[in-house]
Structures are given as structure tokens and as C-alpha cells.
Amino acid sequence: MKIGIVKHLNARPLTLYFERSPDFTPVYENPSVLIELLKKGELDCALVSSIECERNNDKLDYTKIVGVCARDVVRSVLFFKNETETGIPEKVFTDIGSRSSVCLLQCLFHLEYGTKVEVIPTDAKDISKMMEEGIGSHLLFGDHALLQTPIPSYKVVDLAEWWHRITGLYFCFAFWAYPKGKKWDHQIFLTALEYGLKELNSIISEEKRLPIAITDRYLKQELHYIPEQKNLDGFQLFIKTAKELGLL
């Protein structure tokens with residue numbers, strides 16, 4: 001079976017089992033690519049942006065039994081506000097990797113400022129270059145956000161923290177989705193997570209791009225993988241707000 005695997009560190013506890021099991025053929029891509037492969041029937045299942053699960057609920061089913069979740073800090077979904085620009089940014093250059101993160105940013109602008117920000121999908125490498133030159137405000141996701149070098153002229157805002165401050169709720173960034181009519185025993189996703197959590201120390205030690213203390217805190221404290229009620233309530237508010245803005 002072909003299963004879509006997100007390449008970023010935040011997904012490893014959910015995906016490692018499928019990567020190592022002989023019963024599955026992993027396909028590695030960003031969530032925004034995986035959702036398109038899933039809709040075309042080229043995958044049996046994939047870990048995709050939570051917003052896409054609702055956006056494509058006519059074609060896909062999904063489970064909320066596990067997911068990529070955060071309470072009040074996520075570290076890997078960051079808004080970089082250019083402090084040389086006055087007022088609220090009218091447009092933001094956004095990482096093409098995750099559509100949930102982009103939609104969350106739009107919802108946050110609406111809830112905080114009562115405005116709808118224009119988003120411009122942009123390659124993460126180009127975003128880093130633009131920030132070095134002091135051009136624009138930006139959104140980075142996943143490993144691109146984790147590894148981005150701080151730039152003095154930019155204020156960094158964690159989107160999970162921003163969401164929690166405004167709503168008092170938590171957030172779900174990704175779920176497992178699969179084509180409608182395809183039967184999945186949801187226990188397999190819990191089994192995979194249990195395996196990933198047992199291997200968590202190995203995942204942390206193998207990550208060489210970040211200090212081990214940061215990786216440890218990120219995967220053990222800042223993220224969690226079984227949605228709590230505040231995550232599910234936050235997801236419902238997210239979907240409601242996205243609908244109000246015409247993003248679904």
C-alpha cells in the first residue's frame with residue numbers, strides 16, 4: 001500500500017512505523033503535494049493538512065484519532081513580521097508546504113484585526129532570501145521554520161501561541177486521510193504512534209540539524225499526537241472561521 005509521508009520532523013512519530021514496515025510503500029512529500037496525489041487515487045492514505053481534510057470531504061475520509069497537534073507553542077509554524085513595515089501587512093509570502101498553516105494565518109488576521117490578508121505561495125528558499133534582504137512579511141512551516149536563522153528586523157510570532165491567546169483553544173495541524181470508500185482500521189494509526197513514541201529518543205538523537213535539547217523539547221513537550229478536547233474544539237472553530245472567510 002502506498003502511504004504519503006510528510007518529510008518534516010514534526011511528523012516522524014506518526015510516520016516512522018509506516019516507513020519501516022514492509023507492508024507499506026512510503027511516498028515522501030509536503031502535505032500540499034500529498035493531498036493532490038491522494039485526490040488522484042495515487043495513494044492509499046496520507047498525512048495531510050487538517051484544512052484539506054474538510055476542504056475535500058466529498059472525496060476523502062479522515063481520522064482524528066491521532067494528528068500533529070499543539071497546545072500553545074509549536075515552534076515550527078512561524079509568522080515573520082517585517083518590523084520595517086508600518087501597520088498590518090496587506091500581503092504575506094507563505095511557505096508552499098502546508099495549507100493548514102496558511103489558512104490559520106488568514107483566520108488569525110481576521111480574528112485579531114478584522115481583515116483578510118493576501119497570501120502569496122512562495123518557495124521556502126526564496127522566503128529566506130527575501131528576509132535576508134528585508135523584503136516583505138512571511139510564513140514558514142515545518143523544518144523550514146525550525147531551521148530559519150533569526151533576522152533582527154523581523155518579529156517572530158508562533159501561530160499556535162497566537163491561536164491560543166485569541167481563542168483559549170489548541171490546534172490540529174494534520175490528520176491521516178484516505179479515499180472515500182476505502183476501509184481503514186483506525187487502530188493502525190494508534191499502533192504506528194505507539195511505535196513512534198517508543199522510538200522517540202532515537203528520532204531525537206538522529207536529528208543533527210538542531211541542538212538536541214531543542215529537538216527533545218519540540219517533540220516531547222511542544223507537540224502532542226493524540227488530540228485533546230481543546231484541540232478538537234479548536235479545529236471546529238478553525239473550520240467555522242475558514243468557512244466565514246470563504247476559504248472552504
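The model is predicted: local features need pLDDT of at least 70, side-chain atom pairs count only at pLDDT 80 or more, and totals for chains, interfaces and linings use all residues. Residues are numbered from 1 along each chain as its sequence is written, and side-chain values use heavy atoms, with hydrogens and water left out.

**Overall fold**

- The protein has eleven helices and eleven strands (DSSP runs numbered from the N terminus, helices being H or I of at least four residues and strands E of at least two).
- Its radius of gyration is 17 Å, close to the 18 Å from the globule rule for 248 residues, so the protein is as compact as a globular protein of that length (the radius is taken over C-alpha atoms, and the rule is 2.2 Å times the number of residues to the power 0.38).
- The C-alpha trace spans about 55 × 40 × 30 Å along its principal axes.

**Helices α1 and α8**

- Helix α1 (residues 12-20) packs against helix α8 (residues 187-198) at an angle of about 100°, and their axes are 7 Å apart (axes are lines fitted to C-alpha atoms over the stretch in contact, and angles run from 0 to 180 degrees between N-to-C directions).
- The two helices α1 and α8 are therefore roughly perpendicular (65 to 115 degrees; under 35 is roughly parallel, over 145 roughly antiparallel and the rest oblique).
- Residues in this contact (heavy atoms within 4.5 Å) include Leu14 and Phe18 of α1 and Phe189 and Leu193 of α8.
- The contact residues divide into eleven nonpolar, two polar and one charged (Ala, Val, Leu, Ile, Met, Phe, Trp, Tyr, Cys and Pro count as nonpolar, Asp, Glu, Lys and Arg as charged, and the others, Gly among them, as polar).

**Cavity**

- The structure holds one cavity of 30 Å³ or more (on a 1 Å grid over the protein atoms alone, a cavity is a set of points where a 1.4 Å probe fits but cannot get out; a pocket is an open set with protein on both sides within 12 Å along at least five of seven lines; lining residues have an atom within 4 Å of a point).
- The largest cavity contains about 70 Å³ of space, and its lining has eight nonpolar, three polar and no charged residues.

**Pockets**

- The largest pocket holds about 230 Å³; of its 13 lining residues, Ala124, Lys125, Ser128, His144 and Gln148 lie nearest the centre.
- Helix α5 supplies the largest share of that lining, four residues.
- The second largest pocket holds about 170 Å³, and α4 gives the most to its lining, with three residues.

How values were computed
Points joined across faces, edges and corners; volume = space filled by probe spheres on them.
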